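Subject: Structure handover

Hello,

Here is the structure I promised you. Please open it and keep it beside this email as you read.

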Amino acid sequence: MTNAVKYCENEVKKFDLNSFMVGHYMPPETRAYYFGNHALFMEVLKSREVSKEPSICQTRLRWWEATLADIVKSESKDDFTPREPLAVVLQHAKLHSSMNFNLHQRLVDFQLYDIERGDMQSITELEIYGENTRSLMLYLNLHLLKIDDSNALTAASHIGRCLGMCDVIKKIPYYLGVHRGYLPHDILLKVSKVLII
């Protein structure tokens, strides 16, 4: 388990330094699961980037979907023995915490949907993207901390949407390079009208 946690920690450090730093302020008993959750988040987002061919990206995401289903079904270590370090940490979380694995599944499902969706048409779609990426991670953090408060969940939703939008803004040069439209069409149309005038 120690090597698996280290692997997750290194993945988060490599791809999301802010989340890595925050992880060291989590209570020691939840820290491994925190890094497992965020490593899954990175893995799922990276699955979108492995190929220009959507079917290859979908295959990776389907593998995670099946792995998460096996983890959820397992009642003990003997029911399912994952080899992938991230899956080892997630199974440990399933067996030793009350984490909501529906949120993990929702994360994967949204990325599968996102592959099919195409370009974003409106700011509302961008908010939905933030809700189904960063907000989900904040919900998982609240679960780990055993915080079940409607005000905290509402705050997590709003903050997550904002962080999701910031993620998109930071990655604009990359998205332009791979011809992926994460800037909503309605915003682009407004800006183009201003530039023409």
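The side chains of R161 and E127 form a salt bridge, 3.1 Å from N to O. A salt bridge here is a side-chain nitrogen of Lys or Arg within 4 Å of a carboxyl oxygen of Asp or Glu. This pair links distant parts of the chain: R161 sits in helix α8 and E127 in helix α7 (residues 123-144), 34 residues apart. Helices are DSSP runs of H or I, at least four residues, numbered from the N terminus.

R161 is partly exposed at 26% relative accessibility. E127 is partly exposed too, at 27%. The scale: buried is under 20% relative accessible area, exposed is over 50%, and partly exposed lies in between (1.4 Å probe, protein chains only).

A note on the source. This is a predicted model: local features need pLDDT of at least 70, side-chain atom pairs count only at pLDDT 80 or more, and totals for chains, interfaces and linings use all residues. Residues are numbered from 1 along each chain as its sequence is written, and side-chain values use heavy atoms, leaving out hydrogens and water.

The whole structure has twelve salt bridges. Another joins E11 and K14, at 3.2 Å from N to O. Both lie in helix α1, three residues apart, about one turn of the helix. E11 is buried, at 9%. K14 is exposed, at 58%.

Back in α8, look at S157. Is S157 buried or exposed? S157 has 10% relative accessibility, so it counts as buried.

Best wishes

Note on methods:
Helix = DSSP H or I, 4+ residues; strand = E, 2+ residues; numbered from the N terminus.
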